[in-house]
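Keep the sequence and the 3D view side by side while reading.

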Amino acid sequence: MPAADRTATTGRGAPGRPFFFGIGRLLKLDGRRSASGLKKAHFTQPWFAAGLLAPQLLILLFFFFIPSYKALSLAFVQIDPFGGRVLFVGFDNFRQLFGSAQYRYSAAFTLIFTAVVSIGTLLIALVFAFATDFVIRGRGLYKSVILLPYAIAPVISGVLWAFLFNPAVGPLAQLMHALGLEWDPNRRPMDAQILIIVAAIWKQICYNYIFLVASLLGVPQSLLEAATLDGARPIRRFFTVSLPLVMPVVFFLMVMNFIYALFETFGIVDAVTRGGPNGATNILVYKVFQDGFVLLDLGSSAAQSVVLMIVAVSFTVLQFRAIERKVNYQV
Amino acid sequence: MNQDRTLNIVCHAILVVGAVLVCLPLYFAFVAGSLTIVEVQQTPFPLLPGGHFFENLAESWSRGNFGRLFVNSIIITGGIVIGKLVMSLLAAYAITYFRFPFRMTAFWLIFVSLMLPVEVRIIPTYEAVADAAGPLRWLAGVTGLSGLVETLTGYRLETALQWNMVNTYRGLILPLIASASATFLFRQFFLTVPEELCEAARLDGAGPVKFFFDILLPLSKVNIAALAIILFIYGWNQYLWPLLFTTDKDMATAVLGLKQLVPVSDAEPAWNLAMAATFVVLLPPAIIIIGLQGLFTRGLVDSGK
């Protein structure tokens, strides 16, 4: 390598790649540092770099790209269960899927579940974060306790709540019975739905809380003092000064909560209701698993995967936007 | 200031309620875990713990085969943490510190994987693990390599290229590290490392290996530790993948084993054993979160950037 070649070059001189550049703009991955995220002082040993990249690229090829491609292609075929023959059927799987009342119910419930869990989690976490920001004594202790559920797997959260509200032995179910309330998540759909929502929120509050507490700490003291001099009381200061400043974090958390409720609550549903009673809590990600692995309806399951993929991609785009906004506001 | 004092009390009250909400399920789980099977079924449910916690712990430990499952969980979690850290550090180093053809292609190939969480491609990933050599067989067939080898040596390449990873540690680890989240994080961090460091290192004649180990790695220590904590919790708490990829009970993880202990409707309601086991299973991540709270919070907030 000639020495001149190895000295400073900005990574900007790369030949035009309009496609990638377009996504880059959309996702705002690079900010202002350098168009392609290459350090000014860099090395130029292509084979060495290839060796560094090889493990990541190979794993992605085998466990990401090939499976994703297969999921896409499976969605457009019908597999004959006896001969293993593969028949191209176009959009038939999707037509059947959207025509199925069960699927539409599952999609509608997933929507409600996701909205309730995301918004509920955020509001509760906001209240806790505000209170933590306000108190001085015992702050560390409260923080340690409230972020504890992060250690707990969604499925264990499900097990804990399934026990608490178990109609036969659960202490809280007994309390409800003693108060004269009917409660049986194994039979009453509404009860089962409430139960998985509670378990899902309980598990996710800590995540929102950590981010909110950290960002409230970052609100400039000078602004708060100025508001105090203007006679604003703490609650008013929170709504007029702190909350607008941490809004980017709130937006980010909203996106993360949606992703959590859509995809990561599998364990909760599996532990608490197994999608029942009678499909009442069959959220989309659980239905993919059930139709694919329990009912072995591969075509339909693949079509469902594709629908979820589209949802996931749109949320990731939103997530990047959220991250970018969060960074820009410097909170 | 009187109003502020009221608000202070209200805030403490809110936080106490929050703490109680967090602890209530754990407390009742502890109570249930310390009762006998007869006691756990009584109405009303006892409010104070009984004296059988360690008995139940021992019983559930042996009944759930947790000795073996803990070893599995530790190996799998360790594999995920180390595998993902090493892989992402190297890949992030390559795309931020090297200029080479197709750099941006590699960049986008890696980061596009952030788009699809594992949960949405369950079935094909299962196939990929059950038949990891499938793509290689296909490649050998398409390129005519298998025919060539067969005519030359009489050896069928198709039979050699069989690689089923169901019920193996590899099968549990590899699909879970096939995402770019950590790579993205390290890339963002490397971009904030001062340019002068690499320039100076190069002036002193340091090559890429020396620069990486002597300068970049020590600088990233805190980030690596913080991310390792997040990855540890992520790995330990995996449920869906182990559920699919282990048909052999001896290859299950601790979280899966706990799920097996939970009574279903017709079985003997041994909630006392299940709840005692819950504490064993959530102990490792809980210790880490409580013991390394500062690092953990930092890792979490960083990984959201």
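## Chain A: overall make-up

Chain A holds 14 helices and two strands. The model is predicted. Chain A has 331 residues, and 44% of them count as buried.

Now the contacts inside chain A. Take those with a separation of 6 or more: 70% come from residues 24 or more positions apart.

## Helix H8 of chain A

Helix H8 of chain A spans residues 171-178. Which of its residues are buried? They are A:Pro171, A:Ala173 and A:Gln174. These residues sit on the same side of H8(A), because the arc they cover around the axis is only 160°. An α-helix has 3.6 residues a turn, so residues three or four places apart point the same way.

A:Gly180 follows H8(A). The phi of A:Gly180 is positive, near 85°.

## Where chain B meets chain A

On chain B, 92 residues are in contact with chain A. On chain A, 90 residues take part in these contacts. Which helix of chain B gives the most to the side that touches chain A? Helix H1 of chain B, residues 2-33, does, with 16 residues.

What is this side of chain B made of? It divides into 65 nonpolar residues, 16 polar and eleven charged.

## Domains of chain B

Chain B is divided into two parts: domain 1 and domain 2. Domain 1 of chain B is built from two segments, 1-63 and 259-286. Domain 2 of chain B runs over 71-252. The C-alpha centres of domain 1 of chain B and domain 2 of chain B are 38 Å apart.

How values were computed:
Residues numbered from 1 in each chain as written. Chains lettered and ligands numbered in written order. Predicted model: local features only at pLDDT ≥ 70, side-chain atom pairs only at ≥ 80, totals over all residues. Contact = placed C-beta atoms within 7 Å. Helix = DSSP H or I, 4+ residues; strand = E, 2+ residues; numbered from the N terminus. Nonpolar A, V, L, I, M, F, W, Y, C, P; charged D, E, K, R; others polar. Domains from an automatic or database assignment. Buried ≥ 20, exposed ≤ 12 C-beta atoms within 10 Å, placed from the backbone. Arc of directions from axis to C-beta.
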